[in-house]
Amino acid sequence: MAPKDKYTVILPTYNERRNLPIIIWLLNRTFTENKLDYEIIIVDDASPDGTIEIAQQLQKLYNPKHILLRPRPGKLGLGTAYVHGLKSATGNFVIIMDADFSHHPKFLPSMIATQKRTGCDIVTGTRYAGDGGVYGWDLKRKLVSRGANLVADTVLRPGVSDLTGSFRLYKKSVLETVMAKTESKGYTFQMELMTRAVGMGYRVEECPISFVDRVYGESKLGGEEIVEYLKGVLSLWVKV
C-alpha cells in the first residue's frame, strides 16, 4: 500500500495579522473536508503588527501538528522565506501561496487532482488561461502584470502562461532540487523557480485560478520590485 500523501503549505507573512486567521481557517477546512493530511508552516519576518502573536494563538487552536511557526528576525526576502520554510517541511508535496486571500484555498482540490491525474512535477495556478482571471485590480496594475508575463514569455519562452504567479504545488523533491539552483531572493524568485524547472526537464501543468486583490493591508509590490523583475528576466535569459 502506497504511503498517504501529505501537503505542506509554506506561508510567508509580513503584516498579515488580520488576514492570517481567515486564511488558516480556510486551509484547515479545505484539507479536512477533502480528507487530506497537511501542515502549514508560517514564516513571519518580524511583522510590526503582531502577526506572530496571532500565529501563536492559531497554533494552539489548530494543533502544533498542523501549524508550525518558523519566524525570522527581520524582512529577509520572499525567496529565502520559502527556503527557510522548506527546511521544516515533512510533506511529500509543497504548496506555496500568499496569505492575503489573493490565492483562495478553494482551488487546491483542483490543483491536487491535476497532479494526481497527470503525475506532473509542478502544478501552477494561472490567471491567464482557461477560466482564470484577476479581480480587484485597476487597469494600470492589470497592464503591468500582463506586460511582465509578456516580457518573460518572449525572452525566456518557458511555456507557462502565468510566470509571475505564486500559487503552486510542487513535489517536494523537485522543489528542493530547483531551489538549490535558484539565485533570486525577492519577487523574481517565483519566475526563476519555474524557468529553471522547465529548463531542467520537469513537467508542469496549469490550473486556472481566480486571483483577488488583498482584502486587508497594502501590496508590497512597488517600483523597485518592478525594476528588480526586469533585471531578473535579463539575468535568467543569460544564465538559463
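**Entry 1: the sheet and its helices**

Which strands does helix α1 (residues 20–33) lie across? I looked this up in a model that is predicted. I found that α1 lies across β1 (6–13), β2 (37–44), β3 and β4 (93–96). The helix runs at about 170° to β1. I then turned to α3, which packs on the sheet and touches β1, β2 and β4. The direction of α3 makes about 145° with that of β1.

**Entry 2: strand order**

I next traced the sheet itself. Seven strands form an open sheet, and I read their order as β3-β2-β1-β4-β7-β5-β8. The pairing is mixed. I noted that strands of a sheet pair through backbone hydrogen bonds, either parallel or antiparallel. Which strands stand at the edges? They are β3 and β8 (204–208); each has a single partner strand, so one side of each is left without a neighbour in the sheet. On average, neighbouring strands of this sheet are turned by 20° against each other, direction ignored.

I also examined one pair in detail. Strand β5 (residues 122–126) pairs with strand β7 (residues 168–171) in the antiparallel sense, over three bridges. Thr-124 has Arg-168 in β7 as its bridge partner.

**Entry 3: Arg-72**

Where is Arg-72 found? I located Arg-72 in the loop between β3 (67–69) and α3 (78–86). Is Arg-72 buried or exposed? Its relative accessible area is 9%, and the limit for buried is under 20%, so Arg-72 counts as buried. The side chain of Arg-72 makes a polar contact of 2.8 Å with the side chain of Asp-45. Leaving aside neighbours within four places in sequence, I listed the residues in contact with Arg-72, among them Val-43, Asp-44, Ala-46, Thr-80 and His-84.

**Entry 4: a pair of helices**

I then looked at helix α6 (residues 172–181) and helix α7 (residues 189–199). Their axes are 9 Å apart, and the two helices pack at an angle of about 110°. That angle makes α6 roughly perpendicular to α7. Which residues meet between them? Leu-175, Val-178, Met-179 and Lys-181 in α6 meet Phe-189, Glu-192, Leu-193, Arg-196 and Ala-197 in α7.

**Entry 5: the whole protein**

Finally, I took the overall counts. The protein has eight helices and nine strands. Of its 240 residues, 50% are buried. Among contacts with a separation of 6 or more, 80% come from residues 24 or more positions apart.

Note on methods: Residues are numbered from 1 along each chain as its sequence is written. This is a predicted model: local features need pLDDT of at least 70, side-chain atom pairs count only at pLDDT 80 or more; totals for chains, interfaces and linings use all residues. Side-chain values use heavy atoms; hydrogens and water are left out. Helices (H or I, at least four residues) and strands (E, at least two) are DSSP runs, numbered from the N terminus. Buried means under 20% relative accessible area, exposed over 50%, partly exposed in between (1.4 Å probe, protein chains only). A polar contact is a pair of N or O atoms within 3.5 Å; within protein, one must be able to donate a hydrogen and the other to accept it, and residues adjacent in sequence count only if both atoms are side-chain atoms. Contact means heavy atoms within 4.5 Å. Axes are lines fitted to C-alpha atoms, for helices over the stretch in contact, and angles run from 0 to 180 degrees between N-to-C directions. Angles under 35 degrees count as roughly parallel, over 145 as roughly antiparallel, 65 to 115 as roughly perpendicular and the rest as oblique. Two strands pair if DSSP finds at least two bridges between them.
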